[in-house]
Amino acid sequence: YPDFEAIPCATFEDCFAELENGNVDLGMIPIENSIAGRVADIHHLLPASNLHIIGEYFLPIRHQLMAIREATLAGLKTVQSHPQALGQCRENLRALGLRPVVGADTAGSAREIAQAADPTRAAIASRLAAEIYGLSILKADVEDQDHNTTRFVILSKEDLRAAPGIGQIMTTFV
């Protein structure tokens with residue numbers, strides 16, 4: 001949907017509310033990851049909603065280990081990120097001897113690490129988050145498997161699915 005404007009929501013619940021209230025036309029929500037498994041919140045929210053799955057998108061995920069410019073990989077003690085991101089990097093984090101700290105999301109964790117200015121703390125987030133918050137990438141692509149991919153569903157208040165036989169969707173949700 002390249003012609004659509006992205007509207008960020010603080011929580012999955014907020015996204016569902018924006019859709020159900022008609023404030024946005026579509027929502028894009030992660031439902032599962034090839035390494036860390038399902039995104040549990042969605043499996044509770046979707047059945048209780050009046051929304052329709054009208055499409056899906058598979059996004060390869062690449063996580064970066066980042067910290068303030070003065071930090072070194074050897075000096076890190078903790079790494080903060082969203083639970084899904086931490087799960088996708090679990091083996092690499094253990095090998096590095098880093099203690100995981102749960103954050104609300106990946107970009108927010110990068111912002112908090114930048115603001116804290118503590119060289120013993122790192123975040124897992126995207127290259128864009130490192131750029132935005134002025135952080136150095138100390139180790140690139142720290143996901144445990146090269147096939148790390150997240151499946152997103154496209155949600156709508158209206159049933160906008162194509163007619164049978166045209167662009168069928170693989171998603172089934174019970």
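Arginine 62 is partly exposed, at 36% relative accessibility. I begin with this residue in our predicted model and with its partner. Arginine 62 forms a salt bridge with glutamate 143, and the closest N and O atoms are 3.9 Å apart. That value falls inside the limit applied here, because a salt bridge requires a side-chain nitrogen of Lys or Arg within 4 Å of a carboxyl oxygen of Asp or Glu. Both partners sit in loops: arginine 62 in the one between β3 and β4 (64–67), glutamate 143 in the one between β8 (136–139) and β9. The pair links distant parts of the chain, 81 residues apart. Glutamate 143, for its part, counts as buried, at 6% relative accessibility.

How many salt bridges does a search of the whole structure find? The search finds 3.

Let me turn to arginine 151. This residue lies in strand β9, residues 149–156, and counts as buried, with 14% relative accessibility. Its side chain meets that of glutamate 32 in a salt bridge, at 2.9 Å from N to O. Glutamate 32 belongs to strand β1, so the pair ties together parts that are 119 residues apart in sequence. Glutamate 32 is partly exposed, at 33% relative accessibility.

Arginine 151 also forms a salt bridge with glutamate 56, where the closest N and O atoms are 3.1 Å apart. Glutamate 56 is in strand β3, residues 52–60, and this pair again links distant parts of the chain, 95 residues apart. In terms of strands, arginine 151 in β9 is paired with glutamate 32 in β1 and with glutamate 56 in β3.

I now step back to the chain as a whole. It has 6 helices and 9 strands. Its C-alpha atoms fill a box of roughly 55 × 30 × 30 Å, taken along the principal axes. Of the 174 residues, 37% are buried. Among contacts with a separation of 6 or more, 75% are between residues 24 or more positions apart.

As to charge, there are 14 positive and 22 negative side chains. The centres of these two sets lie 9 Å apart. The chain exposes about 10,000 Å², and carbon and sulfur atoms supply 51% of that area.

Methionine 28 is partly exposed, with a relative accessible area of 42%.

Is threonine 78 buried or exposed? Threonine 78 counts as buried, because its relative accessibility is 11% and the buried class covers values under 20%. This residue is found in strand β5, residues 78–81. Leaving aside residues up to four places away in sequence, threonine 78 touches Leu98, Arg99, Val101, Thr120, Arg121 and Ala122.

Glutamate 5 and histidine 147 are 142 residues apart in sequence, and their C-alpha atoms are 29 Å apart in space.

Finally, I draw your attention to two backbone angles. Most residues other than glycine have a negative phi. Alanine 117, although not a glycine, has a positive phi of about 55°. Its place is in the loop between α5 (106–116) and β7 (121–125), and it counts as partly exposed, at 45% relative accessibility. Aspartate 141, likewise not a glycine, has a positive phi of about 50°. Aspartate 141 is located in the loop between β8 and β9, the loop that also carries glutamate 143. Aspartate 141 is partly exposed, with a relative accessible area of 39%.

That returns us to the opening pair: glutamate 143, in that loop, links to arginine 62 in the loop between β3 and β4.

Key
Residues are numbered from 1 along each chain as its sequence is written. This is a predicted model: local features need pLDDT of at least 70, side-chain atom pairs count only at pLDDT 80 or more; totals for chains, interfaces and linings use all residues. Side-chain values use heavy atoms; hydrogens and water are left out. Buried means under 20% relative accessible area, exposed over 50%, partly exposed in between (1.4 Å probe, protein chains only). Helices (H or I, at least four residues) and strands (E, at least two) are DSSP runs, numbered from the N terminus. Contact means heavy atoms within 4.5 Å. Accessible areas come from the Shrake-Rupley method with a 1.4 Å probe; for residues, only the protein chains shown count as cover. Lys and Arg count as positive and Asp and Glu as negative; His and the chain ends are not counted. The place of a charge is taken as NZ of Lys, CZ of Arg, CG of Asp or CD of Glu.
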